[in-house]
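Work through the following exercises with the sequence and the model at hand. Each task is followed by a solution in steps.

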Amino acid sequence: MRELDPANGSIGPESSAANTGARRGALGFVTDVTLCIGCKACEVACKQWNDLPMDDLGLTGHSYDNTNDLGATTWRHVAFVEQFGQGRGSQSMSNAPGSNWLMLSDVCKHCVNAGCLEACPTGAIIRTEFDTVVIQQDICNGCGYCLPACPFGVPALSQTDGKAHKCTLCYDRLKDGLEPACAKACPTDSIQFGPIAELMPRARKRVTTLRERGVESAYIYGDRAVGGTGGISGLNAFFVLIDAPEVYNLPNMPELPQRKTMASYLTTIGTAVACGVATYLTLRNR
Amino acid sequence: MADSDCVVIMGANMAENHPVGFRFVMKAKERGATIIHIDPRFSRTSALSDVHVPLRAGSDLVFLGALINYTLKHHKYFKDYVVHYTNAPVIINDDYRDTEELGGLFSGYVEKERRYDAETWRYAGQPVHSGAEQHASEDFQTREGVAGQDDATKQQTDPTLQDPRCVFQIVARHYARYTPDMVEQSCGVPRELFLKVAEAITSNSGRDRTTSFAYAVAWTQHTTGTQIIGACALLQLLLGNIGRPGGGILALRGHATIQGSTDIPTLYNLLPGYIPMPSRPVQSHATLDGFIREEKLETGIWHDLPKYLVSLLKAWYGAAAQPDNDFCYDLVPKIEADHSFQAMLLMMKDGIMKGLFCMGQNPAVGGQNSILGRQALANLDWLVVRDVHEIETAAFWYDAPEARRGDIRPTEVKTEIFFLPAAISAEKEGSYTNTQRLVQWHDKGVEPSGDCRSEATFLYDLGKRLKELYRDDDGPRGRQINAVTWDYPTKGPFGEIDLEAVVKEMNGYTVVDRRPVTGYAELTDDGSTACGCWIYSGIMPEEGRNLARARSGDDRAALDWGFAWPGNCRLLYNRASADPDGRPWSERKKWVWWDGEQRHWTGHDVPDFPTTKPPDYRPPPGAKGLAAHAGDAPFVRLADGKGALFVSAGLKDGPLPTHYEPWESPVSNLLYPEQSRSPVALSFPRPDNRYHEPADLRFPYVLTTYRLTEHHCAGGMSRWVPWLAELQPEGFVEISPELAGELGIDNGDWVTVSTLRGQIETRAMVTARIQPLRIDGKTLHQVGMPWHFGFGGLAAGAIANDLIALVEDPNSRIHQAKALTCNLERGREPKAGRRGTGGEGRGMHPSRDDGA
């Protein structure tokens with residue numbers, strides 16, 4: 001239904017692109033929790049299209065979540081958060097979305113400045129023509145540097161081939177003008193795919209509507225206009241949420257670890273210099 | 001549904017089990033509709049609804065009855081609609097006595113036979129009907145359209161609705177004790193919450209607004225299932241929500257094309273298109289003339305029964321079917337007795353039935369009292385299982401819990417099992433019929449692998465072999481097999497049957513030139529037309545044009561998307577979307593209306609009404625068929641064209657829906673203390689199918705069973721699929737934190753659940769989504785178990801149906817799996833220990849295994 005028109009996708013109007021902070025031609029997802037019914041069709045469609053094996057974790061006891069987290073073989077993951085006794089939603093008859101049972105389909109955020117990409121020593125992780133972030137499997141050597149570099153904990157090493165894996169935003173499908181498998185499978189359009197230049201204004205409008213309907217807590221997670229993205233500069237896979245990020249197991253103030261390296265680097269140099277000086281002084285006295 | 005102003009989902013878990021259809025609920029919600037979910041459990045549907053109303057499983061009819069009472073008491077009913085379009089004004093026979101007068105029984109109860117004689121339920125002045133209406137209440141036949149009186153002009157009515165004997169007043173009296181307080185005591189729903197729901201529904205009904213109801217098998221699977229649905233129909237008629245956009249009662253269907261399987265039936269008591277199956281005990285059914293005399297209704301659409309039936313016989317028996325041999329009517333098998341699923345299980349167990357073909361079904365897991373079911377399978381001579389995986393029904397003899405325990409020895413199971421590989425949906429072409437009676441075609445994606453074949457190909461091949469085998473047989477069986485037309489074209493590398501040829505046969509054609517007819521109006525009873533299923537007529541109006549393939553949608557009726565029977569009409573009885581004069585009730589709810597200039601019905605949809613019959617048409621005396629219906633009688637499939645609030649014939653358990661407790665209930669019936677259970681429910685008391693008495697202290701908890709999004713029915717298509725299995729990898733029982741606290745159970749612990757049929761061990765999922773209720777002043781705990789799991793596949797678990805009893809709704813012969821009683825204890829099943837029933841606990845808290 002929402003087949004990608006590459007012409008449309010790559011030539012967004014300059015002004016709206018500037019508004020959203022998206023690069024020209026950037027494609028991505030908005031995942032709207034207020035429309036998610038927790039059916040996990042996205043997880044299955046993802047695994048089927050990408051031929052990923054089952055995680056086989058057994059019954060976890062975490063509500064209806066039995067895949068636990070994003071990982072090397074789970075690139076979409078639906079989190080289930082039961083919040084009973086906290087009085088939200090479902091008894092109010094308010095026509096306001098949101099209930100005591102939160103569901104969120106999590107995915108790689110395809111960051112505008114991606115920590116994993118910056119940390120990758122082999123150049124395996126690239127930014128594609130769609131502004132998505134992809135790990136090239138034939139180049140990845142499995143060093144695992146991308147793992148701690150991702151503030152969201154998305155990439156993971158496979159126990160089978162030892163390499164790092166994560167969502168490709170269905171790069172192969174995009175090349176053929178198809179939308180990613182998860183968005184295609186979503187029955188309620190909770191997952192929407194398209195040019196960021198279109199998705200972001202749509203999401204902002206959605207948040208306004210939700211607030212008008214009484215969901216004061218609605219906001220966009222990953223809107224660069226909001227700030228607080230710690231050097232990431234925005235997410236190409238962003239979310240409409242109605243509770244604090246931590247509730248959905250997302251970091252409140254994600255930050256590129258690289259941002260901390262300068263201070264560490266300078267501290268290290270300072271310490272080395274100080275040690276050197278101290279050593280020199282000590283030895284000179286003998 | 002997207003047009004609804006209020007959507008009530010009750011007896012269904014739509015977001016989980018019909019997620020694709022649920023998108024229309026979400027659309028309605030986005031347009032501002034109120035979504036109400038009434039269900040014992042807080043499910044994914046509740047999470048998306050504006051309000052969740054937890055109620056005691058099995059108390060639905062109290063809740064619905066109270067909604068009816070509220071509607072009448074507060075004058076919230078749609079008066080113009082009720083007076084003109086329903087049988088509210090009709091006067092009922094003087095002899096009729098209500099449950100209010102007879103302590104929970106209607107007049108006409110024959111105690112010895114546990115059945116009703118429906119004679120006293122007749123409309124006043126109506127003679128005792130000798131045909132369909134009468135025997136419908138006497139045997140295993142069910143019959144649609146018999147409610148009401150043959151000739152509407154002879155009905156005695158009171159349009160002011162004041163006569164104490166008119167339906168409206170009878171209904172008001174019948175539900176007077178279904179009050180908000182009764183809801184609070186019996187359903188466990190706080191009075192205020194009930195009133196909030198009642199207010200939402202009634203304020204969203206009327207000229208300008210509509211409310212829709214959606215239900216699924218959680219209404220059906222009760223001993224009073226038909227009556228629960230009937231109560232909803234009664235309510236929706238009072239509110240004027242039938243035949244109008246955004247209204248209606250949606251029976252959520254579509255899994256395994258269930259709607260299609262009743263249209264072109266796999267049901268033992270129906271022929272295609274809801275024609276009753278001839279039955280041996282009904283003497284008049286012995287001949288075609290007798291059958292027609294018995295079953296034909298003089299007025300309404302069923303007046304043309306002979307045309308539908310003779311055309312069916314022509315489609316089946318071709319040239320062999322001639323007027324002088326009654327079109328081979330004698331070759332149609334006749335029902336001998338109850339051949340429904342549960343009766344079949346008992347016949348297998350008792351050695352009466354020797355063989356079984358099992359396709360697209362997994363009774364070892366999905367059948368009620370499945371312990372008995374597996375014993376029944378083990379008592380067969382032969383069993384053919386066609387499936388995509390080696391399901392439990394094929395593997396029970398060596399892999400079932402009783403085999404693992406050593407209770408049965410594989411070497412001693414005499415059943416010869418033929419396990420044949422089946423093609424799955426993407427490997428075959430065909431159609432699905434869904435909730436909206438919408439038939440959608442799908443092509444084959446890939447050729448089936450190996451020896452896998454479609455059911456159609458298998459059956460076609462089997463039929464050809466049978467014909468070969470019986471070629472020279474002159475006996476009754478040989479004559480039946482030889483007379484059947486069995487000449488479909490084949491195609492593809494495996495010589496598979498061309499299913500569009502079957503579509504053409506269902507559509508119907510003129511015999512002489514095999515030209516498709518354009519609709520059932522063209523069918524005849526002289527043998528010049530053939531039609532495999534009259535209600536599907538019009539699906540292929542010309543050669544090669546299969547409307548089920550159509551894929552052009554729009555935001556209205558989407559008439560160019562698929563084909564909906566009858567005649568591509570999307571909203572049944574849509575004449576009711578206009579007022580008696582044919583004008584839309586309101587601009588906002590415009591759907592079908594009378595165009596006075598062009599003198600025909602028009603609108604967004606195909607009118608479900610004779611196109612040129614004016615609103616002011618009044619039938620002349622003695623008119624037959626649809627001509628006997630007035631221009632303001634929208635319910636064309638009923639004998640008098642009026643929506644039946646009071647069902648005077650055709651139901652086995654009474655003319656008005658009445659609350660009876662589930663067969664096994666923790667409480668007695670607060671409304672009718674003398675009559676706790678349905679007086680006419682069908683039970684099978686025997687040592688292998690024992691029941692609990694009401695309020696049996698050994699079984700204090702309410703058990704309800706349900707499905708999960710991640711699995712499909714008895715799991716044959718999902719539990720073997722890794723991507724689905726990992727999402728719900730093991731069986732469990734959902735219990736409230738309060739009950740868990742009482743019993744010392746932690747999340748993930750093993751628990752044993754038991755009834756008098758059996759006991760199973762499974763994991764506890766402790767969740768606040770299940771809440772204890774206050775019923776009649778006491779705390780009542782409910783527990784819920786998904787019934788998908790079995791001992792096979794990647795996602796295994798104990799079989800919930802091992803706990804369920806064989807006990808039936810007398811109309812539908814559906815079992816009761818949505819409300820029963822059980823016991824629950826901490827720890828594993830005694831002795832079964834590690835052998836378990838499949839769930840060996842690969843994941844959660846391995847250290848907690850009690851291993852009792």
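Helices (H or I, at least four residues) and strands (E, at least two) are DSSP runs, numbered from the N terminus. This is a predicted model, in which local features need pLDDT of at least 70, side-chain atom pairs count only at pLDDT 80 or more, and totals for chains, interfaces and linings use all residues. Residues are numbered from 1 along each chain as its sequence is written, while chains are lettered from A and ligands numbered from 1 in the order in which they are written.

**Exercise 1. A loop residue**

Task: Find where B:N434 is placed, and decide whether B:N434 is buried or exposed.

Solution. Step 1: B:N434 lies in the loop between β13 (430–433) and β14 (438–442) of chain B. Step 2: apply the cut-offs: a residue is buried if 20 or more other C-beta atoms lie within 10 Å of its own, exposed if 12 or fewer, and partly exposed in between, with C-beta atoms placed from the backbone. Step 3: B:N434 has 21 other C-beta atoms within 10 Å, so B:N434 is buried. Step 4: look along the chain as well; B:G260 is 174 residues apart from B:N434, yet their C-alpha atoms are separated by 7.3 Å.

**Exercise 2. Strand β27 of chain B**

Task: State how many residues of β27(B) are buried, and describe how β25(B) and β26(B) pair with this strand.

Solution. Step 1: strand β27 (residues 759–766) of chain B has 8 of its 8 residues buried, so the strand is largely enclosed by the rest of the structure. Step 2: two strands pair if DSSP finds at least two bridges between them. Step 3: strand β25 (residues 732–735) of chain B runs parallel to β27(B), joined by 4 bridges; here B:F732 stands opposite B:R763. Step 4: strand β26 (residues 750–754) of chain B is antiparallel to β27(B), over 5 bridges, and B:S754 has B:Q759 as its bridge partner. Step 5: β26(B) and β27(B) form a hairpin, with 4 residues between them.

**Exercise 3. Strand β6 of chain B**

Task: Sort the residues of β6(B) by the way they point, then name the bridge partners of B:V8 and B:Y215.

Solution. Step 1: strand β6 (residues 211–215) of chain B is mostly covered, with 5 of its 5 residues buried. Step 2: B:T211, B:F213 and B:Y215 point one way, and B:S212 and B:A214 the other way. Step 3: strand β1 (residues 6–10) of chain B pairs with β6(B) in the parallel sense over 4 bridges, and B:V8 is partnered there by B:F213. Step 4: strand β7 (residues 249–251) of chain B also pairs in the parallel sense with β6(B), over 3 bridges; in β7(B), the partner of B:Y215 is B:A251.

**Exercise 4. Helix α18 of chain B**

Task: Which residues of α18(B) are buried, and which elements do they pack against?

Solution. Step 1: helix α18 (residues 392–399) of chain B is mostly covered, as 6 of its 8 residues are buried. Step 2: these are B:E392, B:T393, B:A394, B:A395, B:F396 and B:W397. Step 3: they pack against elements of chain B including β10 (355–359), α17 (370–377) and β12 (416–421).

**Exercise 5. Where the two chains touch**

Task: How many residues of chain A are in contact with chain B, and which element of chain A gives the most?

Solution. Step 1: two residues are in contact if their C-beta atoms, placed from the backbone, lie within 7 Å. Step 2: 35 residues of chain A are in contact with 40 residues of chain B. Step 3: on the chain A side, α3 (41–50) and β3 (101–107) give two or more residues, and α3(A) gives the most, with 5 residues.

**Exercise 6. Confidence in chain A**

Task: Where in chain A does pLDDT stay under 50?

Solution. Step 1: pLDDT is the predictor's confidence in each residue, from 0 to 100. Step 2: the mean for chain A is 86, and 86% of its residues reach 70 or more. Step 3: pLDDT stays under 50 over residues 1–18 of chain A, for which the model has 28 contacts beyond four places in sequence. Step 4: where pLDDT is low, the predicted coordinates should not be read in detail.
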